[in-house]
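Colleague: I would like a close look at one part of this model. Please take me through the protein surface around the DNA strand, and then the side-chain pairs that go with it.

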Protein chains: 2
Amino acid sequence: MKIGELSERSGLPASRIRFYEANGLLPEAARAPNGYRDYDASMIGRLRIIDLAKSLGFSLEEIANLLPAQVDLKPSCETVSSALTRKLAAIETHMDKLRETRARIEAALHFMQSQPDGAEPRDMSDVRF
Amino acid sequence: MKIGELSERSGLPASRIRFYEANGLLPEAARAPNGYRDYDASMIGRLRIIDLAKSLGFSLEEIANLLPAQVDLKPSCETVSSALTRKLAAIETHMDKLRETRARIEAALHFMQSQPDGAEPRDMSDVRF
DNA sequence: GTAAACCTTAAACCATAGTTGAAGGTCAAG
DNA sequence: CTTGACCTTCAACTATGGTTTAAGGTTTAC
């Protein structure tokens, strides 16, 4: 399969497939005698895994580290599990920050509501949230 | 007060103060006869409000829309309250997305654990999380 | 023979929030 | 009078991440 067909079958532009290869998310493609990339059908699955990982919040760099570029070297279940677990922890951290910001915004909102109607928000400069 | 003094008193580099003015976060500064910006003490408070808003997750563009550049035109409590309320809603939306991603990662993790030891993660391509 | 598909490399794009530099004007001290 | 500190404007650069496009050159297909 040439890159154009893989592109059609995967729904990704060929430029992106080349980019992923150049950045270690895909193994270096085998080449036909004319120099064209030559893929087998398993690449479609691999591209879907990449999409899945992206949608779970993994950066391309993380994905490249997780899916080794050597075709026959596959990540162990432990490698993947621990990456997922770490990503879970990162999400918790992120959510904690959002909760703290939410609390500060709520405090600001309550402060606004406790102020007389004509108060000037600029006076908030003395207030700490 | 010249920009250098405002810079010292506010803790922000003069370059940033000029940048804020150029981007509509601050009113156009009054000018001394020599062209130098001439500030009064209220600017310090205004800069602190900007810092506060940034720390609550408002972008510079949002802040510029919220704090009109005309010195004497001040946002009403309602304007500020509704901006805060909208930001709160945005945070909830964001947290919902994180919760969904977290659930999908957990599903992937459970799937991994249910797999035999030698299973190849690349086979996950058929699985939808 | 010409158009479409492929190749490479490099550069541009998007957004955000600035910082830095160049070229030049102004001001206080010694 | 001159040196250095400060001021002006405007443009270009920084960084991050993921793409996309452009330019220029083969190869294949009809």
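Modeller: What follows covers the DNA surface, then the salt bridges, then the aromatic pairs.

This is a predicted model. Chain A averages a pLDDT of 89, and 86% of the residues score at least 70. Among the elements of chain A, strand 2 (residues 37–38) has the highest mean pLDDT, 98. Helix 5 (residues 77–114) of chain A has the lowest, 93. Where pLDDT is low, the predicted coordinates should not be read in detail.

Now the DNA. There are 18 residues around DNA strand C. A:Gly4, A:Arg18, A:Arg31, A:Arg37 and B:Lys54 come nearest. By class, the surface near DNA strand C holds seven nonpolar, five polar and six charged residues.

Which elements build this surface? Helix 1 (3–10) of chain A and helix 2 (14–22) of chain B each supply at least two residues. Helix 2 of chain B gives the most, with four residues.

A backbone N or O atom of A:Gly4 sits 2.8 Å from one. For B:Arg16, a side-chain N or O atom is 3.0 Å from a phosphate oxygen. B:Leu60 uses a backbone N or O atom, at 3.3 Å.

Next, the salt bridges. Side chains of opposite charge can pair when their charged atoms come close. The whole structure has 13 salt bridges over all chains.

In chain B, B:Glu21 forms a salt bridge with B:Arg37, with the closest N and O atoms 2.8 Å apart. This pair links distant parts of the chain. B:Glu21 is in helix 2 of chain B and B:Arg37 is in strand 2 (residues 37–38) of chain B, 16 residues apart. B:Glu21 has a relative accessible area of 12%, under the 20% cut-off, so it counts as buried. B:Arg37 is buried as well, at 19%.

Another salt bridge crosses between chains. The side chains of B:Arg102 and A:Glu92 meet at 3.1 Å, N to O. B:Arg102 lies in helix 5 (residues 77–114) of chain B and A:Glu92 in helix 5 of chain A, so the pair joins two chains. A:Glu92 is partly exposed, with a relative accessible area of 29%.

Helix 5 of chain A also holds a pair of its own. A:Asp96 forms a salt bridge with A:Arg99, with the closest N and O atoms 3.0 Å apart. The two residues are three apart in that helix, about one turn. Both count as partly exposed: A:Asp96 at 44% and A:Arg99 at 31%.

Last, the rings. The count comes to two aromatic pairs over all chains. A:Phe19 and A:Tyr20 form a tilted pair, 6.1 Å centre to centre, with 50° between the planes. A:Phe19 is partly exposed at 42% relative accessibility, whereas A:Tyr20 is buried at 2%. B:Phe19 and B:Tyr20 also form a tilted pair, 6.2 Å centre to centre, with 50° between the planes. B:Phe19 is partly exposed at 42%, and B:Tyr20 is buried at 2%.

Methods: Residues are numbered from 1 along each chain as its sequence is written. Chains are lettered from A and ligands numbered from 1 in the order in which they are written. This is a predicted model: local features need pLDDT of at least 70, side-chain atom pairs count only at pLDDT 80 or more; totals for chains, interfaces and linings use all residues. Side-chain values use heavy atoms; hydrogens and water are left out. A residue is near a molecule or strand if one of its heavy atoms lies within 4 Å of it. A polar contact is a pair of N or O atoms within 3.5 Å; within protein, one must be able to donate a hydrogen and the other to accept it, and residues adjacent in sequence count only if both atoms are side-chain atoms. Ala, Val, Leu, Ile, Met, Phe, Trp, Tyr, Cys and Pro count as nonpolar, Asp, Glu, Lys and Arg as charged, and the others, Gly among them, as polar. pLDDT is the predictor's confidence in each residue, from 0 to 100. A salt bridge is a side-chain nitrogen of Lys or Arg within 4 Å of a carboxyl oxygen of Asp or Glu. Buried means under 20% relative accessible area, exposed over 50%, partly exposed in between (1.4 Å probe, protein chains only). Rings of Phe, Tyr and Trp (its six-membered ring) pair if their centres lie within 6.5 Å; planes under 30 degrees apart count as stacked, over 60 as edge-to-face and the rest as tilted.
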